[in-house]
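Trainee: I would like to go through this model with you. Where do we start?

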Amino acid sequence: MSENSSPKLESTAAAGTKKPFPEWIKPKGKETELLINNSLTGGKVPFVFNESGKGRSLTWYACGPTVYDASHMGHARTYISFDIIRRIMKSYLGFNIQYVMNITDIDDKIIIRANENGISHSDLSKKWETAFFEDMKLLNVLPPDALTRVTEYVPQIVEYVEKIISNGFAYESNGSVYFDTVAFSKSHDYGKLEPNSVGNEKLAAEGEGSLTATSAVSEKRSGFDFALWKKSKPGEPVWNSPWGEGRPGWHIECSAMASDLLGGNIDIHSGGSDLKFPHHDNELAQSEAFYGNRQWINYFVHSGHLLIDGLKMSKSLKNFITIKQALEKYTSRQMRMFFILHKYDKAMNYSPESMGYAIEMEKTFVEFFHTAKQILRDSPLSLPQFWTQAEKDLNKHLQAANEQVHQFILDNFNTSDALKTLSDLVNKTNVYIRACAEQKTNPRLNLISAIAEYITYIFSVFGLTESSTAGSMIGFGSGKGNIEEEMTPILNALTQFRSEVRASAIAKDTTTILKTCDNLRDEVLPLLGVKIDDKSATTAMWKFEDKETLKKEIEQKKEIEKKKQADKEEKERKLKEKFEKSKIPPQQLFVNETDKYSKFNELGMPTHDKEGVEITKSQLKKLQKEYDNQTKEHNNYLKSLEQQQSSPTLTSTQSPQ
């Protein structure tokens with residue numbers, strides 16, 4: 001913004017005009033092929049990093065949660081998405097990342113919830129911070145390199161505010177300190193991320209917090225100024241400051257803590273798209289005011305909104321889903337697969353249908369890995385390994401997939417199309433394997449191994465499986481631990497199985513033996529991470545699989561069977577009800593319904609309702625239809641009685657067909 005621009009903050013929404021993004025200063029350093037959707041430009045730009053003296057290193061600050069309630073699917077969307085990007089930049093692109101994340105452990109929401117529960121804000125925030133990191137561990141989200149809590153940074157925040165005041169961009173008013181947006185706008189660009197939201201009174205008010213008194217507006221030089229330091233009211237936590245007892249404002253915390261560890265120019269800042277304005281825009285303004293520079297963050301990346309069945313997640317809509325609730329239904333890997341299938345910066349919909357697609361995609365790879373392992377396990381290298389045209393073609397598909405996945409990753413971390421490319425490679429490989437079986441030739445081991453290892457490598461980059469080096473592991477794996485620890489529960493189960501089968505064999509009880517075999521397959525081994533698929537009456541194939549995945553499959557099968565049984569019982573109930581009703585002669589169908597009717601004709605048809613009002617023609621037409629149907633059903637019943645007398649095999653409780 002030039003010095004001559006108007007410093008007045010006006011609502012652009014009312015004007016209906018769309019303001020352009022301010023100038024973005026391209027960082028000095030080495031430009032890469034990687035394109036990132038930079039919220040500071042509103043589009044993709046090349047990623048540039050500073051090589052001087054630190055190699056392929058970069059700094060990253062992530063907005064952490066405000067810990068006052070259980071973590072929900074919105075949190076999962078943000079933190080899994082950025083965990084995937086972080087893993088790509090570290091494991092695939094080779095960057096050394098200093099990753100810092102904050103915890104907001106003092107805030108209006110925390111104070112309100114603590115007062116509602118009758119506990120201290122400290123106890124509340126500690127409880128939910130612990131729960132948050134438990135959820136992140138379950139979701140396989142890597143911990144930050146450094147964790148900053150607001151309550152541990154109050155002295156640094158006070159110093160930060162003091163310098164902003166001394167630089168002429170903040171002022172004290174009635175014990176609180178406010179950022180001077182008008183003064184800042186004279187020499188800087190305010191609202192870099194969402195220029196059109198500048199002047200939006202509703203968003204500005206939401207950014208100040210629900211505990212902000214209406215009188216605070218009169219304390220400000222401009223209604224769009226925001227609090228850096230809040231004077232505490234009775235019952236609120238307090239810290240000492242040059243302006244009296246108070247607490248930090250929401251926006252200032254991230255500026256102070258990120259600056260303390262990462263300095264005056266940070267490579268990447270991440271967060272949810274709902275934080276763009278005013279939170280992140282206010283962060284940028286505070287930090288530029290503190291350092292006196294034009295660009296504190298080089299790349300601002302935001303995750304897209306998460307919808308629940310097409311609607312915004314809200315407790316009032318009763319579609320609020322916590323991470324723990326989601327994990328009761330799906331595995332961590334299935335949830336990560338779900339997010340990988342969507343572009344991180346676009347809105348996405350969470351529903352049974354979209355999760356079903358992710359589960360089917362997971363199964364595609366699970367079955368492929370099992371097939372590849374079986375081939376590598378059962379086919380000796382001594383078999384022919386000469387490459388025919390079929391192997392040459394499949395290898396071309398592998399090399400093409402490698403290049404396509406690479407380009408998708410470089411295009412703003414497009415994991416969605418990368419995963420679909422891998423799925424297509426699996427389909428082509430399955431076609432090759434089936435052709436080998438039909439032609440009675442053996443699949444070439446090194447080629448199958450190369451494809452399986454490559455897919456496993458990309459999955460390890462995405463965090464779908466444990467980290468692996470080429471050739472050491474194929475597939476999702478079955479957990480960690482030594483052989484004895486892994487095999488003990490399986491061997492215990494087989495020992496018990498042998499004892500039961502032996503006892504049944506001695507008793508010559510074939511039925512129990514078969515039931516014991518099915519129980520081992522369906523109930524025992526899946527909980528130990530082993531899946532058995534029957535191929536024929538006498539052959540089967542075993543597979544190692546994730547225990548939680550198999551457990552969820554068992555639960556889903558039981559739910560399906562439970563529903564089938566419930567549907568069957570409901571159908572039987574209706575048939576029985578229909579049969580019992582068919583015993584009633586049509587003349588008696590309505591006469592007992594005195595709560596509805598008061599007079600009847602000689603056939604038992606109602607003529608007047610319970611109030612004595614004559615039945616209307618339309619009502620009479622409906623009643624006549626019901627009467628005629630009852631006549632038909634009762635006649636069928638009488639016929640069934642005749643059949644019963646002539647055929648003793650038909651019991652009185654059976655419904656006529």
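Mentor: Start with a term: contact means heavy atoms within 4.5 Å. This is a predicted model, where local features need pLDDT of at least 70, side-chain atom pairs count only at pLDDT 80 or more, and totals for chains, interfaces and linings use all residues. Residues are numbered from 1 along each chain as its sequence is written, and side-chain values use heavy atoms, without hydrogens and water.

Trainee: Leaving aside neighbours within four places in sequence, which residues is Ile455 in contact with?

Mentor: Close sequence neighbours, within four places, are set aside. What remains is Phe365, Phe368, Phe369, Leu422, Leu425 and Val426.

Trainee: Which residues have the most contacts inside the largest nonpolar core?

Mentor: A nonpolar core is a set of buried (under 20% relative accessible area, 1.4 Å probe, protein chains only) Ala, Val, Leu, Ile, Met, Phe, Trp, Tyr and Cys residues joined through side-chain atoms within 4.5 Å. The largest one has 138 residues. Those with the most contacts inside it are Met89, Phe365 and Ile455.

Trainee: In what order do the five strands of the open sheet run?

Mentor: Two strands pair if DSSP finds at least two bridges between them. The pairing here is parallel. The order is S5-S4-S3-S10-S11.

Trainee: Which residue in S10 does Tyr61 stand opposite?

Mentor: Strand S3 (residues 57-62) and strand S10 (residues 266-272) pair over three bridges. Opposite Tyr61 stands His269.

Note on methods. Buried means under 20% relative accessible area, exposed over 50%, partly exposed in between (1.4 Å probe, protein chains only). Helices (H or I, at least four residues) and strands (E, at least two) are DSSP runs, numbered from the N terminus.
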